[in-house]
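Let us take a friendly walk through one protein model together. Have a look at the sequence and the 3D view, and then we will start with a pocket.

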Amino acid sequence: IAALFALVNIWLSVAMYVMLIVMYFLPGAILKKRRTGRKKAATIDIHPAGPGEVEVLLQMWKRKARELVEAGKPMWNLDQFSVAGLKEKYLDPHYFIAYKGGVPFGGFILLDQDERYWPGKQDAAFYFHKFVVDSAFRGQGLGREILEWVKAHGAASGKDFIRLDFEEDRTYLRDLYYSSGFVKMGTVDISGMDITVAECRLSRA
């Protein structure tokens, strides 16, 4: 019996020792796993589009135009989406493409002048056109990130304003623009439609 008690005591001592080791090392192991398993937020990269990337943008614009037609809210004429078509419509368009985690998700065009929507304006401004975020990336706040990048880029480029135009009844655009610092400056008549023009004054350091 004495030998049995001794064996039980040894077993209990070993069990307690193992438990202490587990209690000491387990929390650190769990924390390390959580840290290493945590996904890093994908970075946003926006830059001037190269020739191949312009083709990616053209496909993205065409896809968005078709989606808007299917939703009963047509906005863009598909026929304009070629390099030649956009060059005919815009004076010296500068194409920009946006990536998240290495995947293209959106883009836009910047102009130095825009006589169609802002006639007579000769001050330092970028004119923002063909703003698109691919539907697969909707709801992630990426449109606002693009706008913030454009404002920072404009200020760094010596511009005083970012200017744009949109249809007022497209509430998602209206709310995004107005909440991003753009102020309505009036409307222009384009083919019988009243188009809102708005600008954001930039502060340069």
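Strand E4 gives the most to the lining of the largest pocket, with six residues. Helices (H or I, at least four residues) and strands (E, at least two) are DSSP runs, numbered from the N terminus. Please keep in mind that this is a predicted model, where local features need pLDDT of at least 70 and side-chain atom pairs count only at pLDDT 80 or more, while totals for chains, interfaces and linings use all residues. Residues are numbered from 1 along each chain as its sequence is written, and side-chain values use heavy atoms, with hydrogens and water left out.

**The pocket**

The largest pocket has a volume of about 1,000 Å³. Of its 39 lining residues, Met75, Trp76, Phe131, Tyr172 and Leu173 are the closest to the centre. Two or more lining residues come from each of H2 (51-70), E4 (125-133), H4 (142-156), E5 (161-166), H5 (171-179) and E7 (193-201). Sorted by class, the lining holds 20 nonpolar, nine polar and ten charged residues. Here Ala, Val, Leu, Ile, Met, Phe, Trp, Tyr, Cys and Pro count as nonpolar, Asp, Glu, Lys and Arg as charged, and the others, Gly among them, as polar.

How is a pocket found? On a 1 Å grid over the protein atoms alone, a pocket is an open set of points where a 1.4 Å probe fits, with protein on both sides within 12 Å along at least five of seven lines; lining residues have an atom within 4 Å of a point. Grid points are joined across faces, edges and corners, and the volume is the space filled by probe spheres set on the points.

The protein has five helices and seven strands, which run α-β-α-α-β-β-β-α-β-α-β-β from the N terminus on. Of its 205 residues, 36% count as buried; buried means under 20% relative accessible area, exposed over 50%, and partly exposed in between (1.4 Å probe, protein chains only).

Helix H4, one of the pocket's contributors, has 15 residues and reaches 21 Å from its first C-alpha to its last, close to the 21 Å expected at 1.5 Å a residue. That expected span is 1.5 Å times one less than the number of residues. The buried residues of H4 are Leu142, Gly143, Ile146, Leu147, Val150, Lys151 and Gly154. Just after H4, Gly158 takes a positive phi of about 85 degrees.

Most residues other than glycine have a negative phi.

Gly186 lies in strand E6 and is partly exposed, with a relative accessible area of 22%. Leaving aside neighbours within four places in sequence, Gly186 is in contact with Ile195, Thr196 and Val197.

Methods:
Contact means heavy atoms within 4.5 Å.
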